[in-house]
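User: Hello, I would like a close look at one strand pairing and at what surrounds it. Could you walk me through that part?

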Amino acid sequence: MTKRVLIVEDETNIVESLSFLLGRAGFEVQTVADGALALDKAAHVEPDVMILDVMLPNVSGFDVLRGVRANPALTSTPVMMLTAKGQSRDREQALQLGADVFVTKPFSNADIVAEARRLAGLDG
Amino acid sequence: MLSWNVIVLTCLLYVAALFGVAFWAERRARAGHFGWMRSPLVYTLSISVYCTAWTYYGAVGSAARNGLEFAAIYLGPTLVFIGWWFLFRKLVRIAREQRTTSIADLLSSRYGKSSLIGVFVTVLAVIASTPYIALQLTSLSLSFTLFSDGSANSSLTAFWIAVGLAIFTILFGTRHVDANERHYGVVTAIALEAIVKLVAIASVGLFVVFGLASGPSDIFARPESAELLSADIFGPRWITLVFLSATAIICLPRMFQVIVVENVDERHLATAAWAFPMYIFLMSLFVLPIAIVGLNTMPAGSNPDLFVLTLPLASGANTLALVAFIGGFSAATSMVIVSAIALATMMSNHIFMPLWLRATAGTPSSSGDVRRILLISRRVSILVIMGLGYLYYLLAGDGGALASIGLIAFLGAAQFLPSVIAGLYWRGATRTGALLAVGSGAVVWAYTLFLPSFGGSLILSAETIANGPFGLGWLRPNALFGSAISDPLVHAVIWSMAVNITMLCVGSMMSRPRALEQLQAKIFVDVFALSAAGQGMSLGRTAKSEKLFELAQRILGREQAGRMFTEIARAQGKPSGLPDADPALTARLERALAGALGASSAHAMVSQISGHGTVSVPELIRMADETAQIVEYSHRIEEKSRELEISADQLRRANERLRAISDQKDAFLSQVSHELRTPMTSIRSFAEILRETDQIDPDQHQRFVTIIHEESQRLTRLLDEILDLSVLETGRTTMRRDPLWLDDVIRQALDATEPLMRRAGVQPDYAPGAEIPVLADRDRLAQVFINVLSNAVKYGLGLPPRIKVEAVQGPQEVTVTITDNGPGIAEADADRVFEKFSRLGEATLAGSAGLGLPISREIMRNLDGDLTLRSGEGGACFVITLPVVEQSAAAE
Amino acid sequence: MSDADSLSTPARARRRRYDGAALLPIFAAIMLLPPFVSLFAGSQTLFGIPVIVLWIFGIWLALIAIAARLSRLLINAPES
């Protein structure tokens, strides 16, 4: 069974690279660029893994994460947070809000794919 | 009856004994055996020179005329002595520290070492003392005549007496150059004479009370007693006499000499404070009984001034009469000797030495032995004083009662009192004030008392004395301005003192003291505080040590100068050689010289080689009134704390600014990091994909490479923009100011953005108007237009998209407005537009890091213009302003 | 006596001596100058001696005695 991944990210080039990588790794990839639309999209897609950028237009990644965890259907969805700021304060906040993994940009492709697979339960 | 020969022989023997005692005392002192010579008893006895022949003979005369009035002459000194703690203690302390040699020296030193004051005081003192000395000669010759059978020439007797006294005074009074050094021989002889005086008068007194009469009650029962005591003498004259005698004990040159100059130990004053009143108490105890018995038993017409002698003689008590005579002889001689020493010091220090100094001013180092000159001038002075006294005696004869002559001298000396007291307690008293006070007081004294006492034979004629000069009644010497004071003495005291004190106050307040005067005033008034604090104060001046040493040798002698300089060198920590010449050495040398020459001459001599010096600022501050000091101090502290408050406030604000800047910087770095990481993420990711993927669709390959290329360009641009902004913000860049036509620049910008606009489907609305000249950097200005236009394209387009560009020349500035028809920018965001990395709305323009508008604003500000956002209806309206340029400046 | 008292006593005693030294001549002047002294002028006698004579010489002697005592105190007190 194919696992679904939802990428919430506003930088189109990064979305493109992530889509390429995860698609090649066997995921069904869905994307959304706006934080305000991310929650609806997630509720609709019901992804197995969410990749969530912190810096989003209109609604920040943290707020999206909060909404995800507040939604009973999404409570247990694994979330990988991406940030370009890389401050430890952001990492703490993300983990506290229920993110499973916190990744700082620029990332290593192999790491991202491995983490996504792990979160999706593809590696044993 | 005692024979003339016995009297003369006794006198000679007595004088020989005095010489012997004086020699012996001087020898002991030279050998360093001071013993009792430095005892408070000898000091107290020496003060008894106050009791002169006037006291000895004249007090009985006065009592025989006016009853108890004579006592006033002793009560004044008693009051001053029991108050020693306040006046004499200070005088003695100052005199010792300043090495004062006389009252003239004291005043001259206090008022800025003024030689003029020294001269004034000396002249007045000599004038006032001359009759007084003559008075002693008169009483001596009177007493001698009493024993002669009429064959003796009284004026010849007086002459030999004067010669003898002069010799004694020269022998024992001018042994040292340093007048401030004690005259042990003289003082011891005076002390001996004091005992003789007291024993003599007490013997006569006891003889009269218990020999001639049967006890005091017998005497006071006699009719003369009631007659003498019934008159009410406790009026203005009584007060005047108490005041005058109190003044005299301070101001008479000989009293100043024995009390202040000859004092070796301040504590001796404590003894003298009660012992001297005791002495004069005993001296006056028998005055009234002798007077009453004299009046009662002696034939009418007898001179009451001689009762002390004539009573024992009339009773056949020859030995007692001889003792009484010797007592009177003692009283007269001791007064003359001490007066002569005191006056001679004043004359030589304040008149002869300054003249000599002036005469040799050009050749300070080659002129002979100053010590010899000094001694000679002092000896000559003694002869002059004796001569004057004798001359006066010859001229005035034995006119007038003894007492009135003494009182004239008292009032003359009293003219120094206001200046002395003010000098000790009022720092504001100045040289001008003192000169005016002593001068005017002396004139009034001479006019109202001294000259009239000659009864018309000196300067003032009898006619003038009776009716006033030129018949001006209101100027009569005995009734100035018609003042109805019947007693001439009281009249003279009131007028001279009133004028004296007024002139002192007015003169002091109207004049400005020189630096040296201020310094001396401080040293005098605050002598106790300064010596307790151990602070020496000196003028800032100095000279070569060698020159100072040479000067010291010439005046103090080789030995003493050597000792003094060695001591100072030791104190400075130098084992050998001359001490370092500093202001303190100069000041100390001047003080030492003052002991020999007086303050003003010493100052003049030292100033000849060291310059006049100035009072340093710290000294001036110390001299300032303590209250003023405290006020000044607290004022300064207040000012300091205010300054501190202000700087603390400034620091606090600076700190806040720094923290804000630091926060901004943190935020900026965080933003920069974010902005850099974003393109980097894409670059790294696609690079990894390309590296790790073996088979890849060529199209996809091409696309990924293009993305990497674009993102690297974005990265480069971003770095460029950051650097650009940083340079612009710190103002390190200089913009070119070329004359440009605004229209050209706008067109350049429109051309540059043409592809962007075409893609967005917008046709810019621009109608060039009149030519507008500006001074600017062409590329930078174009960059601003491009940035704003791109921004409008990115964020501000409505449907259909429209951008309007307008250029207007106003009176003060040139304005370019770029208006779009987009959603506009909320008022709250108007400022955020120009913040770094702020992006409004969701759209992101590829290739912009959000620094375009901040950079544009900085460029405009660097060009003396501005970039602002005008809020208005419809879309955003950016306003670019530039300063107006004169038309001609732009023409090229 | 408390500590504070024992500490201040020498200072207070010294103060009193200074006051005494200042007041003595003033007191003496009042006693010996009119109008006070005039009260004793007249022909009354005491033990055969006129009262005014007794007064002036008596006050004189008293002043000497007080001055002697005061001087000793002043000279022995350490200077403030």
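This is a predicted model: local features need pLDDT of at least 70, side-chain atom pairs count only at pLDDT 80 or more; totals for chains, interfaces and linings use all residues.

In E7(B), which residue is the bridge partner of Val816(B)?

Analyst: The bridge partner of Val816(B) is Ile880(B), which lies in E7(B). Residues are numbered from 1 along each chain as its sequence is written, with chains lettered from A and ligands numbered from 1 in the order in which they are written.

Strand E5 (residues 813-820) of chain B and strand E7 (residues 877-883) of chain B are joined by seven bridges in the antiparallel sense. Strands (E, at least two residues) and helices (H or I, at least four) are DSSP runs, numbered from the N terminus, and two strands pair if DSSP finds at least two bridges between them.

Now for the sheet around this pair. E5 and E7 belong to an open sheet of five strands in chain B, ordered E2-E4-E5-E7-E6, and the pairing is mixed. At its edges are strand E2 (763-766) and strand E6 (866-870) of chain B, each pairing on one side only. From one strand to the next, the twist averages 20 degrees; angles run from 0 to 180 degrees between N-to-C directions, and axes are lines fitted to C-alpha atoms, for helices over the stretch in contact.

Two helices cover strands of this sheet. Helix H34 (residues 778-795) of chain B lies across strand E4 (802-809), E5, E6 and E7 of chain B, and runs at about 25 degrees to E5(B). Helix H35 (residues 852-862) of chain B lies across E6 and E7 of chain B, at about 130 degrees to E6(B). For contacts here, two residues qualify if their C-beta atoms, placed from the backbone, lie within 7 Å.

Elsewhere in chain B there is a helix pair that may interest you. Two packed helices are described by the angle between their axes and the distance between the axes. The axes of helix H2 (residues 40-47) of chain B and helix H14 (residues 267-285) of chain B come within 9 Å and cross at roughly 45 degrees. H2(B) and H14(B) are therefore oblique to each other (under 35 degrees counts as roughly parallel, over 145 as roughly antiparallel, 65 to 115 as roughly perpendicular and the rest as oblique). Pro40(B), Tyr43(B), Thr44(B) and Ile47(B) of H2(B) make the contact with residues of H14(B) including His268(B), Phe276(B) and Tyr279(B).

For comparison, chain A has an open sheet of five strands in the order E2-E1-E3-E4-E5, with parallel pairing. Its edge strands are strand E2 (27-32) and strand E5 (101-104) of chain A, each pairing on one side only. Strand E1 (residues 3-8) of chain A runs parallel to E2(A), joined by six bridges, and Ile7(A) has Thr31(A) of E2(A) as its bridge partner.
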